[in-house]
Amino acid sequence: MANLRQAQKQMTRRLLLESGLELFTEKGYAATKVDEIATAAGTTRVTFYAYFPSRSDLMKALIDERLNEALQRVRSPEHGSTAQDLVATVADGTPEVIAAWLRRTADSWPEIRPIIRVARDAAAVDPVLRDLVERWMEEAISDIEDGLTAAGRLAPHQRRFRGVLAMAELDYVAQHWGDADWKLTGAQLLDELSASWVRLLN
C-alpha cells in the first residue's frame, strides 16, 4: 500500500511538471496561473502547493531535474552540476570526439529546447529564475574550462572565455534548430558547429 501511495505521488508530481511545461510553452510563464496547471494535471490548487511552494519552484524543478537529466548533468561540489561527458570531450579535443558529442547532444534538442525556451521566458520576469538560468549556463561553461585545464590546452586566461564562446554557439544553434533557414542540412550544420568548436577549443 505504501508503494502504491508513493507511485501515485510520483505520478501526480510528473503530471504537474508536464502540465506546467505544456502551459508555459503555449501561454508563456507570466500568463500561466497555478490553477490552470493544477486543472491540466487533473488535480487541485491545494495539491499543487503540496508539491511545489510556487510556480517558480515548479520551473526550478523542470531545470534542475528534467533539463539536467536530459543533458546527463549530475551534482558537482565545484560547480553545482557537471556533465562529465562534456569535460572528457573537451579534454580529448579531437574533431571526431567533439563531433560525436555534438551529434549526441543534438539528438536531445527536441526534449530540452522547450525547457530552455520556457526558462528564458520565466527568467525575464522572475529574478530568482534569472539567477538560476545564468548559473546553469555558467556550470556548462565551467565544464569546458575544466576540460581545457585537464588537457593543459590554451593559456589559463583563455579557457573560460573559449567556453563562453563555445556555449554561446551551441545555445544559439540549439534554440533555432529547425526554425532558421541557414541553407544547410542538419548534418552540414553539425559539421560546421563541430569545426568551430575544434578551432575554439584547440
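Buried means under 20% relative accessible area, exposed means over 50%, and partly exposed lies in between, with a 1.4 Å probe and protein chains only. By that scale Asp-57 is partly exposed, at a relative accessible area of 24%. This is a predicted model: local features need pLDDT of at least 70, side-chain atom pairs count only at pLDDT 80 or more, and totals for chains, interfaces and linings use all residues. Residues are numbered from 1 along each chain as its sequence is written, and side-chain values use heavy atoms, leaving out hydrogens and water.

**Overall build**

- The chain has ten helices and two strands. Helices (H or I, at least four residues) and strands (E, at least two) are DSSP runs, numbered from the N terminus.
- Along the sequence the order is α-α-α-α-β-β-α-α-α-α-α-α.
- The C-alpha trace spans about 55 × 40 × 35 Å along its principal axes.
- Of the 202 residues in the chain, 42% are buried.
- Among contacts with a separation of 6 or more, 65% join residues 24 or more positions apart. Contact means heavy atoms within 4.5 Å.
- Accessible areas come from the Shrake-Rupley method with a 1.4 Å probe; for residues, only the protein chains shown count as cover.

**Helix α9 and its partner**

- Helix α9 covers residues 156-176 and includes Leu-165.
- Helix α10 (residues 186-200) packs with α9 at an angle of about 170 degrees, the axes lying 10 Å apart. The two are therefore roughly antiparallel.
- On the α9 side, the contact is made by Arg-162, Leu-165, Ala-166, Glu-169, Leu-170 and Val-173. The α10 side supplies Leu-189, Leu-193, Ser-196, Trp-197, Arg-199 and Leu-200.
- Axes are lines fitted to C-alpha atoms, for helices over the stretch in contact, and angles run from 0 to 180 degrees between N-to-C directions. Angles under 35 degrees count as roughly parallel, over 145 as roughly antiparallel, 65 to 115 as roughly perpendicular and the rest as oblique.

**Surface patch**

- Phe-161, Val-164 and Leu-165 form a nonpolar surface patch, with about 240 Å² of accessible area together.
- Leu-165 is partly exposed, at a relative accessible area of 32%.
- Patches are made of residues with over 30% relative accessible area and no salt bridge; like charges are joined within 9 Å, nonpolar side chains (Val, Leu, Ile, Met, Phe, Trp, Tyr) within 5 Å.

**Salt bridges**

- The whole structure holds nine salt bridges. Each is a side-chain nitrogen of Lys or Arg within 4 Å of a carboxyl oxygen of Asp or Glu.
- Asp-57 pairs with Lys-60, the closest N and O atoms being 3.6 Å apart. These residues are about one helical turn apart, because they sit three residues apart in helix α4 (residues 55-70). Lys-60 is partly exposed, at 26%.
- Arg-104 meets Asp-85 at 3.0 Å, N to O. This pair links distant parts of the chain, with Arg-104 in helix α6 (residues 95-107) and Asp-85 in helix α5 (residues 84-92), 19 residues apart. Arg-104 is partly exposed at 44% relative accessibility, and Asp-85 is partly exposed at 31%.
- Asp-171 meets Arg-120 at 2.9 Å, N to O. Asp-171 lies in α9 and Arg-120 in helix α7 (residues 109-123), so the pair ties together parts 51 residues apart in sequence. Asp-171 is buried, at 17%, whereas Arg-120 is partly exposed, at 33%.
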